[in-house]
Amino acid sequence: MKIKQITLLGLMMAAICIGTMSIMIPMPATGGYVNIGDSVIFMTSILFGPAAGLIAGGIGSALADLLSGYAHWAPFTLVIKGLEGLVVGLLMKKGLSKGRMLTSTLVGACLMVTGYLFAGAFMEGSMLVALESVPGNIFQGVASMAIAVPVSIAISKTSYVRDNMLSRN
Amino acid sequence: MSIIVKDLVHIYNPKSPFESRALDGVNIEIKKGEFIGLIGHTGSGKSTLVQHLNGLLKPTSGKIIINDLDITGEGVSLTSIRKKVGLVFQYPEYQIFEETIYKDIAFGPSNLGMSEDEIHERIKESMEIVGLDFERLKDRSPFDLSGGQRRRVAIAGVIAMKPEVLILDEPTAGLDPKGRDDILAQIKQLHSKYGITIIIVSHSMEDMAKLADRLIVMNRGKAEIEGTPREVFRHEDRLKGIGLGVPSVLELVKKLRAKGFGIREDIITIEEAKSEILKYIKEN
Amino acid sequence: MDDIIRVENVEFEYSKEEETLKALDGISLDVKKGEFAVIIGHNGSGKSTLAKHLNAILRPTRGKVIVKGMDTGEESRLWDIRQTAGMVFQNPDNQLVATVVEEDVAFGPENLGIEPREIRKRVDDALNAVDMYEYRKKGPHLLSGGQKQRVAIAGVIAMKPDCIIFDESTAMLDPSGRREVISTIKRLNKEDGITIIHITHFMEEAVDADRLFVMEAGRLVMQGHPREIFVQVEKLKELGLDVPQMTELAYELKKCGIDMDSNILTVDEMVNSLCR
Amino acid sequence: HRLDPRVKIAGTFAFMASLFIIDSFVPYALIILFLGGVIGMSKIPAGYVIKGLKPLIPILVLTLVINMFLTPGELIWSMGPLKLTSEGLRQGVFMVVRLIFLIIGTSILTLATSPIQLTDGIEMLLNPFKKIGVPAHELAMMMTIALRFIPTLLDETDKIMKAQMARGADFESKNLMRRAKNLVPLLVPLFISAFRRADELAMAMEARCYRGGENRTRMKQIRMEKRDYISYGIMSIYMAGIVASRWII
């Protein structure tokens, strides 16, 4: 592994962690909050590929759980968000079109919603309790897609990414 | 257009263990068309102060009145403040995000709700002011430019909003001497030709001695010394106590006078020193 | 005295959008052991590219860079070269790796595979050398710019280098941070005999140098004692560079027919020259 | 709590697993004993741990209520469609207590372990998996860098947000799509700056002779000491007890 990949993934982990913990957008529609952690995972996967999505997505989000007092979620998050990043990255392998970004992030978002449903059911002992998380997570997923796609397109046009696309694996 | 700051206090994280008093009763007045140098070491409160002037921070207590409008009052629209006061942050090149230079400069004006034609004109004009060739560069990606040029794009992005007051937070930080001189010359032109009120946050006493009409020295959240550069530099000991330097010319004048050179005491620039020394030598 | 760094006819090319650009164009210089050398030149003159050649981050397209007798082109000596010629960069934030000051200082020695007890000693010594020992348990984000740069310097010192290259390390600091860093640099040079190569835009920092190099368009255009260089006020201005204030004043006075030394650098020299 | 971080992490995992293994109340006594012991040893004020539970009260209540009323079984009380069953009551209380234990157990780990210990511990725990291609050292390095840059990026987010607001950007729009689009001026510069930082940091690390985990030493060596082995011992007895309880009861 090249040093630059290590530092880049470290920075992406930090970005995902911050996106999850502190960039909160209040949603008047539901009265809840949406964080942009998933958006940053999507962007990482889109721009740097499945391995980056898996590692940064999983660990970055789990770190956010650890740091914000939801440590009991961390192991589940590690797996769910890691898979989310991996799958989006895999689906984006063929190139960066807007349509492909939309479909792959949609798959990623669905994975996240169902992942947390099952994890919740496992932890709280009841599918019904866990269902409570679903509407919020669906909203979270949709918002994350809406953020990730335009931002990824904008970033992919900058020269930095053009010159460094080689780091996609 | 005048800016009046009255008893401005700002406390970060009030009532928490991290509570800190960044501004501790600031009182200043800035007249239309002035060129102000805002000086102070890191943490003296100058960045907090300029963010208040643009409505980005709300005071804990105190008032800011810009041209008879109390911007700290209830229900003042931020857009109306931003049309009046433009703020260029430190290292502004890092805020650039658009695909082309044109689009990036257009961001501010279009947020203010201007028409396409007007935006076009403003971009052209502001690129000219900062010395960027409109036709050649407008469709280029800002990320292909050098750091110094990117900074000009960012400054143009604020100038294009046509503020009556332009605040620049250390606009020359990290630039080489030529880049620094170019930017300062452009700001000076903006002041003299377009009559814009300028407030520059700076560490460089030499630059401010040359450029500013008036200096405001901040220390521990207060405007501690105020006046023309000549008046301010008279407080050499107090400035040094705060941890700020004075231009080396001042030191020279002091030492020369001690050796019996009968030259004026209040010299602050190299040019003045030159003519005074010449005068003295010719007389003797 | 022996040369610690020798740059022989170095050219460096890189490609950008199918163009080949020359960042260094036949540059030769040498720095002697224990010297305090300063390199100036405007942005894009190739100074940072040159600096990166001195500890083998970049390798010359043509020509040779020799560090303490080791050729940077030789892959096998890479780590010895980097340990010999340490480097401090411009942005204080982007060169500290660890979340605690002392862990960061230990990063270099740990990479060298030094044994733990020795690392501990080196870290403490290095932090004392830059006057940051009290801050050893702090997180880097709680420090000022000048303090972060001093930690970065400690991180290099802990590797026991013969030479440290400062690549515009004062550019992003405020005046007090700059003073802290410059006095640290000078102390390392005087007291510990570490060779210093300092790249800067601030002419006052160049005044005390043993030797000054001026770069332009990938070439070395002037070199010598600061006194010999700054005397050439017009040439420096043409290159878009400053001269120290007193030198400028002396130059202006001389132009007006005053008889005085033109190689003045400091206020005291100016006073002496005028009072003669 | 000066235990080897490996022990702490492994202990937390064992503890979490134990919670999912048991299916009756009796072993809870064992757990309370274990948790109490750990809290006592760690010298973390108990109030601190309890405080961490506060934001989770709604989900705890929900868990209790839904399990109570929606588990089929012997009816003990009903009102309209709400049917409280004895199995439900048992199930509800059981689940809530388990959740509380889970939260307390994991929060002890985060409270008693510094981030550095955590990354070190993870690196060492993953070390045996290197052979199957798990980049243990690299992952730990990434986490260190992430922790190091979280405050830096937070600052930067704030700065960029303010700079764009000074240019009239609106981060408070009500419309979701608008709001998403309005994040472009924040996220693009933030990403680009993160890339730049990654580049510069990589160079700085290289200049300091970084070449991966091989032949690297550590200033603070972590060695298994007596108390660590004792802890492992206690943990094994505890786990054995839990597993046994499953068969016995």
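C:D125 counts as partly exposed, at 40% relative accessibility. Its salt-bridge partner is C:K121, with the closest N and O atoms 3.1 Å apart. C:K121 is also partly exposed, at 48% relative accessibility. Both residues belong to helix α4 (residues 116–129) of chain C. They are four residues apart there, so about one helical turn separates them. Elsewhere in chain C, salt bridges that share partners link C:E11, C:E13, C:K22, C:D25, C:R62 and C:R219 into one network. This is a predicted model.

Side chains of opposite charge can pair when their charged atoms come close. Over all chains, the structure holds 61 salt bridges. One of them joins B:K162 to B:E125, at 3.8 Å from N to O. B:K162 sits in the loop between α6 (147–159) and β7 (165–169) of chain B. B:E125 sits in helix α4 (residues 116–129) of chain B. The pair therefore ties together parts that are 37 residues apart in sequence. B:K162 is partly exposed, at 45% relative accessibility. B:E125 is partly exposed too, at 29%.

B:R136 forms a salt bridge with B:D133, and their closest N and O atoms are 3.8 Å apart. B:R136 is exposed, with a relative accessible area of 55%, whereas B:D133 counts as partly exposed at 40% relative accessibility.

Now turn to the sheet in chain C. Four strands form an open sheet in the order β2-β1-β4-β5, with antiparallel pairing. The edge strands are β2 (19–32) and β5 (70–71), each of which pairs on one side only. Strands β1 (residues 3–16) and β4 (residues 62–67) of chain C pair over five bridges, in the antiparallel sense. C:V7 stands opposite C:V65 in β4 of chain C. Strands of a sheet pair through backbone hydrogen bonds, either parallel or antiparallel.

An unreviewed UniProt entry lists residues 6–27, 39–64, 104–123 and 138–156 of chain A as "transmembrane region". In the model, residues 138–156 of chain A are 100% helix and 0% strand. The end C-alpha atoms of that stretch are 26 Å apart. Residues 39–64 of chain A are 96% helix and 0% strand, and here the end C-alpha atoms are 14 Å apart.

Which chains share the most contacts? Of the five pairs of chains in contact, it is chains A and D. There, 53 residues of chain A are in contact with 55 residues of chain D. The two chains bury about 4,900 Å² between them, 86% of it on carbon and sulfur atoms. A:I3, A:L11 and A:H72 supply 13% of the area that chain A buries against chain D, more than any other three residues. The count of salt bridges between these chains is one. D:D199 forms a salt bridge with A:K4, the closest N and O atoms being 3.1 Å apart. Chains A and C do not touch, and their nearest C-alpha atoms are 9 Å apart.

The largest has 125 residues, of which B:L166, B:F233, B:L239, D:I145 and D:M205 touch the most other members. Helix α9 (residues 184–207) of chain D gives the most to this core, with 13 residues. A second, separate core of 49 residues includes C:I153, C:L173, C:I182 and C:L241. What does D:I145 contact, leaving aside its neighbours within four places in sequence? Its contacts are A:I6, A:T7, A:G10, A:L11, C:V97, D:L201 and D:M205.

Terms used: Residues are numbered from 1 along each chain as its sequence is written. Chains are lettered from A and ligands numbered from 1 in the order in which they are written. This is a predicted model: local features need pLDDT of at least 70, side-chain atom pairs count only at pLDDT 80 or more; totals for chains, interfaces and linings use all residues. Side-chain values use heavy atoms; hydrogens and water are left out. Two strands pair if DSSP finds at least two bridges between them. Helices (H or I, at least four residues) and strands (E, at least two) are DSSP runs, numbered from the N terminus. UniProt positions are given in the numbering used here, feature names are shortened, and annotations may be inferred rather than shown by experiment. A nonpolar core is a set of buried Ala, Val, Leu, Ile, Met, Phe, Trp, Tyr and Cys residues joined through side-chain atoms within 4.5 Å. Buried means under 20% relative accessible area, exposed over 50%, partly exposed in between (1.4 Å probe, protein chains only). Contact means heavy atoms within 4.5 Å. Buried area is the accessible area (1.4 Å probe) that two parts lose on being put together, summed over both. A salt bridge is a side-chain nitrogen of Lys or Arg within 4 Å of a carboxyl oxygen of Asp or Glu.
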